[in-house]
Amino acid sequence: MSAAESLADRAAASPILTVQGVSKKFGGVTAVQDVSLEVPRGAIVSVIGPNGAGKTSLLNMVSGFYRPDTGVIALEGDAITTLRPSQIAARGIARTFQNIALFSGLTVLDNLMLGRHVHMRAGVLSSALYWGPARKEEIAHRERCEEIIEFLKLQDLRKQQTGALSYGLRKRVELGRALALEPKVLLLDEPMGGMNQDEKEDMARHVLDVNIERGVTVVLIEHDMGVVMDISDRVFVLDRGRRIGGGTPEEVQRTPAVIQAYLGTSKGGGQT
Amino acid sequence: MFHRESGIFKTTYAADMALYPLPIAKATVAVIAAAVVLLPFVLGALMPALSANYYLSIINLIFIAIVGALGLNILVGYTGQISIGHAAFMSVGAYTAANLAVRWDLPFWITLPAGGLMAALIGAVVGIPSLRIKGLYLAIATLAGQLIIEWTINHVPAISGGAQASIEVPKPHLFGYEFKTQGQLYFFLLFFVALAIVATLNLVRSRIGRAFVAIRDQDIAAEIIGINIYRYKLLAFAISSFYAGVTGVLYTYYLGIANYEQFQIVVSIDYLAMIIIGGLGSVLGSVLGAIFVTLLPIAITWIVESLGTLVFEMQQIQHVVSNVRVITFGLLIIVFLVLEPEGLNRLWRNIRNYFRVWPFSY
C-alpha cells in the first residue's frame, strides 16, 4: 500500500462528526445516556428509535442547545461541546426542526438570505449606507440563494411570506435555509413528519440530491422506516436514551435488540 | 404611490433589490422630496410670516418625532424587544450635546453624533436585561432605566447644569451660517430626517435588519442559523438609542434648551403610540405615526378651544384639553391594537393594493 493511498483511506475513515460517551439528564430523567456514534464524511446517517428515545435531545446537543453532562462532541476532530448554537452554525452544522421554525414574517428569499448570515460581513454603517461593498455582498449572496431556490424549485414563491405557505412547502424552505448556510453537516429532525407519500418522496429526493450533488453529510431523524432503510448509509438505534444498535440498514434490521425494542413491538414501526 | 407592476421586467438582481424598483415609484419619491423642499417657500408666499412660522414649527416637531419613532421601531417593531425608556435615551443625547456645546463650545456636527453615541452606550446597558427576559418583564426593566436616568439627570448638577436642570444652548451654525428662524431650522432638521429615513430603509433590508427580524420571529431559529442573539439584541438597543440620542440633540437645538421635563415617561409612551398607530416594523409607519401623534394634540386643542367654550369656562379649557388629549390617546391605541394592529401603514397598503388592480377586484 502506497503512502498516498493510506492517507486517502484515513481521510475517508476519519468521521466528520463524532459523539463520544454523551449523557444528558433533565432533573431525574435521563434523556441520553452514554451514547457514542460516528458519522462518516459524506454519508447519510439516520438515528431511529421509539418516541422519547432521546433522538431530538441528541440533536439538540450536537447543535448546541443543550450542553451534555458528560462526553464530547467533535466536528472534524475539534470539540464543539461547549460552543453556543450560533458558533456551531458558523463551524458548519445546520439543522431543521421537527416543528418548523421559519421566520414567518419574512419572505422565502429573506429566509434563505438569513441562512447566508454567517457568510456575510456587512456591519451597521455599511448596511445603513447600502453602497459599494455592502450592496455587492447582498447581490453576491442573493445569487447563491437563487441557486438554492432553483435547486428546491421554489422560484414562484420567492417573494411570498413563509407564514402563508403550506406545511410541505415550509419544510422545503426550512431545508433551503439550512442549505444556504453551506453546512458540512446537515441535521434534519423528522423532515418527512406529517407529510403525505408524494411529499415524502420529494423530500427524500431532495435529501439525496443534497448529499450527492452538494456533498453534504446528512444526519436524519425519521420515523418512516421505508425511507430510512432506503436512503441511509448507516443507521443508529436509540431506546430510552441508550444506543442499542448501529450499522448498515441490513445489519440493524438483523440485530435482535433492535427488533425487540423497536421494530417488533406493538408500535410495529412500518414496512420492514 | 398608486402604480402597477405590469410590463416592467427586472433583468438583474440589483434591479430587483432596489428600494424603489419601479420607475413611477422613483418619480413619486422625487416629487414628494421636491414638495418637501419647496414647502417653506410656498407657505411663505401664501400666508403672513407669523402663521407660516407657526406651521413650520409644527412640521419641525414632526421631523424630530420621525427620527425618534424610526429608532424605536427598529427596536420594538423590527427586533421585537419592548422599551419604555426611549425618552430617557433622548435626554442622554440632549444633555450630552448641551454640555459639550456649552462647556467646550463644540459645534453641532460634533455634539450630534456624540449625543447619539452616548445614548447608544447607555441604551445598550439598559438593554442588558433583554438577554434574559422578554415582554412584560423587559418593559418593566426598561421602565426602571427610564426612571433611573430621569432621576440621575435631575439630581446631578454636573449633568443637568444646576437647580432648573436645564442648559441653554446656542443655535446650531455651520460655516458661520446660523440656523435661527423656523424656516432655517426646517432645512437643518430635514437633512437629518432624510438621513435617518434612508439609513433605516437600508438597514432593515440588509444583513443586520434581517437578523433583527429573525430574532423577533423565531429567536431559537435565529441562533441556529448563526445569529448571536445576545449581540444583536444589544445592537438593536444601541442603534435604537442612537436614534433617540440624535432626536434629543435635535430637540435641544430646536428649543434652544435642554430640559429634562421634555423627556419624561409620557414622552416614551407617546413614541410607543406613534409606532403602534403608524405600524410596527415599517419605516413608512414610523413617519405616519410621528405625523399623526404630533398633530393629534394640536388638533384636539384646536377643537376643544373652539367648541369647548360652549360648555366650559375659559380658564378651565387648558385643563380640559390635556385630559381630552390623554383619553383620546388611550382610546386610539386600543382601537388600533384591536382593529388594525399593523397600523396606518397597513391601511395605506390596503388602499394601494385596491388601486393596483382597479377596476378589477382580483
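Colleague: What radius of gyration does chain A have, and what would a compact globule with 272 residues have?

Modeller: The radius of gyration is taken over C-alpha atoms, and the globule rule is 2.2 Å times the number of residues to the power 0.38. For 272 residues the rule gives a value near 19 Å, and chain A, at 20 Å, agrees with a compact globule. Please note that this is a predicted model, in which local features need pLDDT of at least 70 and side-chain atom pairs pLDDT 80 or more, while totals for chains, interfaces and linings use all residues. Residues are numbered from 1 along each chain as its sequence is written, and chains are lettered from A and ligands numbered from 1 in the order in which they are written.

Colleague: What percentage of the residues of chain A count as buried?

Modeller: A residue is buried if 20 or more other C-beta atoms, placed from the backbone, lie within 10 Å of its own. In chain A, 43% of the 272 residues are buried.

Colleague: How many helices and strands does chain A have?

Modeller: Helices (H or I, at least four residues) and strands (E, at least two) are DSSP runs, numbered from the N terminus. Chain A has 11 helices and 10 strands. In chain B, residues 234-254 are 100% helix and 0% strand.

Technical notes: A residue is buried if 20 or more other C-beta atoms lie within 10 Å of its own, exposed if 12 or fewer, and partly exposed in between; C-beta atoms are placed from the backbone.
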